[in-house]
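Open your viewer and get ready to click along.

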Amino acid sequence: MKPASDITSFDALRNAILRGMAHALSNRVAALGGINGLAPPGEVWTERLSKALGDEARRLEDLLRLMRLLPDDGRGEPGAIELQPLVPDVIALHAYQSALLQVECAAVHARETMPVFANRPQLVHALLLAIDAAKRHAQATGGRVSVSYAGDADRVTIRVATEPSAAPVKPGAAAPENTAPTATALRAAIASVGGPSSVGIATDGGQLRIELPVPTLAAGRRAQLAARPTA
């Protein structure tokens, strides 16, 4: 097993996710190809066939929605982003990284937050790298990962953190070595995809915490207007 301190480049992470998604897409296509066998002989259309086709169509739509989060042609402009639907999609997208599939990762938030102002592909790519680093750390230490976000009128902070496993530790088990990625390497990886410039990384009690601060839509618009040259 590669140590969790290894930082995955975004290109390598994207390729791993795409391999997993291609496998899932292949399964969905195969399922659609076999659905015709569900219809009783002599009947062209049945409720059973209709439901099966509908279920597979929804799975394909979900897969395509997640795949659209990965590309970045460099032309995207910052804009309003709702974190409530985006964060679960990014978590689901990373789940196609099959090497870390068994590491639990869930979105946790107590209340709705204001829309943030960011470049969507860059934010998605930064979140994927943060989740990847946290999952690798959790895999090595036997834990899980949570993604939460909270803020005020000016800034929302997205926190990707590892947590101890709910399973009890066996008596006499050796303590896991510190496998947290170096802050410098992780910041460089996130900066390489245009992620937030101020990334907070800390390890407390063997757990890893990564914080990505993002301006709210209102704060981002104000900064954008202030940066415009005056006539």
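Throughout this tour, a contact means heavy atoms within 4.5 Å. You are looking at a predicted model, in which local features need pLDDT of at least 70, side-chain atom pairs count only at pLDDT 80 or more, and totals for chains, interfaces and linings use all residues. Residues are numbered from 1 along each chain as its sequence is written, and side-chain values use heavy atoms, with hydrogens and water left out.

**First stop: the core**

Select Leu123 and show what surrounds it. Leaving aside neighbours within four places in sequence, Leu123 is in contact with Ile81, Leu83, Leu86, Val116, Ala118, Ile158 and Val214.

Now widen the view to the largest nonpolar core. Such a core is a set of buried Ala, Val, Leu, Ile, Met, Phe, Trp, Tyr and Cys residues joined through side-chain atoms within 4.5 Å. Buried means under 20% relative accessible area, exposed means over 50%, and partly exposed lies in between (1.4 Å probe, protein chains only). Which residues of this core touch the most other members? They are Leu83, Leu123, Leu128, Ile158, Val160 and Ile210, out of 47 residues in the core. Helix H4 (residues 120–141) supplies the largest share of this core, 11 residues. In soluble globular proteins, nonpolar side chains tend to be buried together.

**Second stop: the whole chain**

Zoom out and colour by secondary structure. Helices (H or I, at least four residues) and strands (E, at least two) are DSSP runs, numbered from the N terminus. The protein has 6 helices and 7 strands, and from the N terminus on they run α-α-β-α-β-β-α-β-β-α-β-β-α. Of its 231 residues, 38% count as buried. Among contacts between residues at least 6 apart in sequence, 76% join residues at least 24 apart.

Select residues 47–67, which form helix H2. The expected span of a helix is 1.5 Å times one less than its number of residues. For the 21 residues of H2 that gives 30 Å, and the end C-alpha atoms are 30 Å apart, so the two agree.

Where do the buried residues of H2 sit? Highlight Leu49, Ala52, Asp55, Glu56, Leu60, Leu63 and Leu66, which are the buried residues of H2. They cover an arc of only 135° around the axis, which puts them on the same side of H2; the arc is that of the directions from the helix axis to the C-beta atoms. Their cover includes helix H1 (10–34) and helix H3 (83–94).

Is Glu56 buried or exposed? Glu56 is buried, with a relative accessible area of 7%. Not counting residues up to four places away in sequence, Glu56 touches Arg28, Ala31, Leu32 and Ile35. The C-alpha atoms of Glu56 and Ile35 are separated by 9.5 Å, with the two residues 21 apart along the chain.

**Fourth stop: paired strands**

Next, select strand E4 (residues 143–151) and strand E5 (residues 155–164). Two strands pair if DSSP finds at least two bridges between them; E4 and E5 pair in the antiparallel sense over 9 bridges. A hairpin joins E4 to E5 through 3 residues, and Gly151 stands opposite Val156 in E5.

Leu212 in E7 is the bridge partner of Ile158.

**Last stop: salt bridges**

Finally, show the charged side chains. A salt bridge is a side-chain nitrogen of Lys or Arg within 4 Å of a carboxyl oxygen of Asp or Glu, and the count comes to 13.

- Asp62 and Arg65 form a salt bridge, with the closest N and O atoms 3.0 Å apart. Being 3 residues apart in H2, they are separated by about one helical turn.
- Asp154 and Arg222 form a salt bridge, with the closest N and O atoms 2.7 Å apart. This pair links distant parts of the chain: Asp154 is in the loop between E4 and E5, and Arg222 is in helix H6 (residues 217–227), 68 residues apart.
- Arg209 and Glu211 form a salt bridge, with the closest N and O atoms 3.5 Å apart. Arg159, Asp204, Arg209 and Glu211 are linked in a network of salt bridges.
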